[in-house]
Amino acid sequence: MMDILIYGTVNSVTFSLIAVGFTLVYGVSRLPNFAHGALYVLVGFMTWSFVNDLNLYYPLAIIISLCIASLLGALIYRLVLIRLRGLPTSEIIASFAFGLIILEGLRLQGIGGFKGFIGPFYVLPAFVDAKFRIAGVLIDAQRLIIIGGGLAVVILLWLFTHYSKIGLSLRAIAQDEQAAMMLGVDSDRVAMISLALGAALSGFAAVVILPLGNVTAEAGYRVLIYALAVCIIGGLGSWGGAILASFVLGFAMILSTSFFGAVWESVVLVGTIILILIFKPSGLLGKQKELEERV
Amino acid sequence: MLEVKNLMVFYENAIAVNNISMTVTEGKITGVFGANSAGKSTLMRTISGIILDQKKKQEMKGGERITVLGSITFAGEDIIHMKPSDRARKGIILCPERRRIFAESSVMENLKIGGILATRSQAKKTLDYVFTVFPALKELKKREGGFLSGGEQQMLAIGRALMAQPKLLLLDEPLLGLSPLMEQMLVKAMHGINKQTGITTIIAEQYARPILPIVHYGYVLENGGAVVEGTSRELMKNPDVKSAYFGL
């Protein structure tokens, strides 16, 4: 029983970490960043490469990778998405294309001696190699770091969006873009910042989650789907909803695994999504954007 | 302070602002009056630059073509192509029609967002000032913007605009849908703000009667063009204006 609770929480926080970057970008600038999963994987490979090819110190490699990822996020906005804002289909196609370039690019072989990241050889080291016993359940340090990292991200983001000027501009743009502009907020600059931040968050998720397994390019697609699932179930753009949805999915997965076996995992996952959407099409905490007008 | 010359705004082929020229004197209140669809809001949106954002979005969608011609000079600089956020930085702050409060943010947070352009000490000083002008807001600090009444929202909208340290404050239909009592209170507040801070103000209103006594100079718009202009006394005396707009 206790192991369901603990591993369920780990699962849920993993979902939240994966989805938080996507939700942030969508909530602020209404841009669905379909390159999200690709950025996640890219950070994994970059970090691996910095550590193993350039022999960089592990934390330094992580920081450099996160910086590159946020730069790339900003670049995606500056070069492509800025021309497409307000056209949802084009935004999806363009950002997904960007993601494809990254993911398939990682698997390219033979250009300039590049061997391509293929196969199960790429593993990020765990931060701390230890196992603990909590309430009788054996758990490794990396999973505890995931929980701690998730908690830290949520708290820091909350503080950032409520107390810093840039954070307040993000919230202003998310609620009423033009009203924010009237008060001097530069919408393009804020959208670029949100993408950079979203990319960094997706990278952060990668460096805390990936040590549990291999880094593979295919994971990029799965991560994107998870992020989308969490955001849609939670209600697009709603932060609280995304966290709630992560817990629903995280526990649905662990329960199905422990009661029906691992084969049912993906069926239960998809089933939960469909069930929630049938009963609440706008997602768990999805709001009608138009608030009743008061005159 | 602000000089609008031969301003024309088209939505596709429909003319919304027709060859308007106006001068706004520093430190005074200028009124813009007219019925629905006379072009008041378009004029305000053009001065604040928000129309450029609207134009950009329509162009991306391949929607309505918006054309802006003419010149707007603010503090000696032509600003007609300047981005709205840059205009706000220069001190042109629009308090929009229907207020557009940030509904999910508290009153306090709305004011904080208003103060994004202000320095810390400016923000603190202005916040105190806003609470002296609208003591009701102080009581409602924690209330979410979406749960305020219309009058409270209007006070918040004006307060939020003041937080942005305006040099030119544009108030678009500040009395829309308010009770006569609230109307009276807001007119007094707007007059007081202008007197105490000397912020140059433009007020666009459909119903001129309560506003007219506090304006220095006014323009009456009809079908996008300025048909009558004059000091508030001249406007009050004009028989056409009287019967058509003031209900006297």
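This briefing walks through a predicted model with chains A and B, one topic at a time. The model scores ipTM 0.94 and pTM 0.91. Chain B averages a pLDDT of 94, and 99% of the residues score at least 70.

- Helix 3 of chain A runs over residues 58-79, which makes 22 residues. From its first C-alpha to its last, helix 3 reaches 31 Å, close to the 32 Å expected at 1.5 Å a residue.
- The buried residues of helix 3 of chain A are A:Ala61, A:Ile62, A:Ser65, A:Leu66, A:Ala69, A:Ser70, A:Leu72, A:Gly73, A:Ile76 and A:Tyr77. They lie on the same side of helix 3 of chain A because they cover an arc of only 165° around the axis.
- What do the buried residues of helix 3 of chain A pack against? Their partners are helix 2 (36-52), helix 4 (88-106) and helix 8 (187-209) of chain A.
- Helix 2 of chain A has 17 residues and spans 25 Å from first C-alpha to last, close to the 24 Å expected at 1.5 Å a residue. This helix is mostly covered, with 14 of its 17 residues buried.

- A:Ile147 sits in helix 5 (residues 141-163) of chain A. Is A:Ile147 buried or partly exposed? A:Ile147 counts as partly exposed because 18 other C-beta atoms lie within 10 Å, and a buried residue needs 20 or more.
- Not counting residues up to four places away in sequence, A:Ile147 touches A:Thr9, A:Val10 and A:Val13. The C-alpha atoms of A:Ile147 and A:Thr9 are separated by 7.7 Å, although the two are 138 residues apart along the chain.
- A:Gly220 belongs to helix 9 (residues 219-234) of chain A. With 25 other C-beta atoms within 10 Å, A:Gly220 is buried.
- Leaving aside neighbours within four places in sequence, A:Gly220 is in contact with A:Gly37, A:Ala38, A:Tyr40, A:Val41, A:Gly99 and A:Leu103. Between the C-alpha atoms of A:Gly220 and A:Leu100 there are 9.3 Å, while 120 residues separate the pair along the chain.

**Where the chains meet**

- The contact takes 31 residues from chain B and 21 residues from chain A.
- On the side of chain B that touches chain A, helix 2 (50-61), helix 3 (84-90), strand 6 (92-95), helix 4 (107-114) and helix 7 (150-163) of chain B each supply at least two residues. The largest share, five residues, comes from helix 2 of chain B.
- By type, the residues on this side of chain B divide into 14 nonpolar, nine polar and eight charged.

**The open sheet of chain B**

- Four strands of chain B form an open sheet in the order 2-1-4-5, with antiparallel pairing. Strand 2 and strand 5 (77-78) stand at the edges, each with a single partner strand, so one side of each is left without a neighbour in the sheet.
- Strand 1 (residues 2-11) and strand 2 (residues 14-24) of chain B run antiparallel and are joined by seven bridges. Within this pair, B:Leu2 has B:Val24 as its bridge partner.
- Strands 1 and 2 of chain B form a hairpin with two residues between them. In the turn, B:Glu12 has a positive phi of about 50°.
- Strand 4 (residues 66-74) of chain B is joined to strand 5 by two bridges, again antiparallel. Here B:Phe74 stands opposite B:Glu77.

**Strand 8 of chain B and its partners**

- Strand 8 (residues 200-205) of chain B is mostly covered, as six of its six residues are buried. B:Thr200, B:Ile202 and B:Ala204 are buried on one side, and B:Thr201, B:Ile203 and B:Glu205 on the other.
- Strand 3 (residues 29-33) of chain B pairs with strand 8 in the parallel sense over five bridges. B:Ile29 stands opposite B:Thr201 in this pairing.
- Strand 7 (residues 168-172) of chain B also runs parallel to strand 8, joined by five bridges. The bridge partner of B:Leu168 in strand 8 is B:Thr200.

Key: Residues are numbered from 1 along each chain as its sequence is written. Chains are lettered from A and ligands numbered from 1 in the order in which they are written. This is a predicted model: local features need pLDDT of at least 70, side-chain atom pairs count only at pLDDT 80 or more; totals for chains, interfaces and linings use all residues. The expected span of a helix is 1.5 Å times one less than its number of residues. A residue is buried if 20 or more other C-beta atoms lie within 10 Å of its own, exposed if 12 or fewer, and partly exposed in between; C-beta atoms are placed from the backbone. The arc is that of the directions from the helix axis to the C-beta atoms. Two residues are in contact if their C-beta atoms, placed from the backbone, lie within 7 Å. Ala, Val, Leu, Ile, Met, Phe, Trp, Tyr, Cys and Pro count as nonpolar, Asp, Glu, Lys and Arg as charged, and the others, Gly among them, as polar. pLDDT is the predictor's confidence in each residue, from 0 to 100. Two strands pair if DSSP finds at least two bridges between them.
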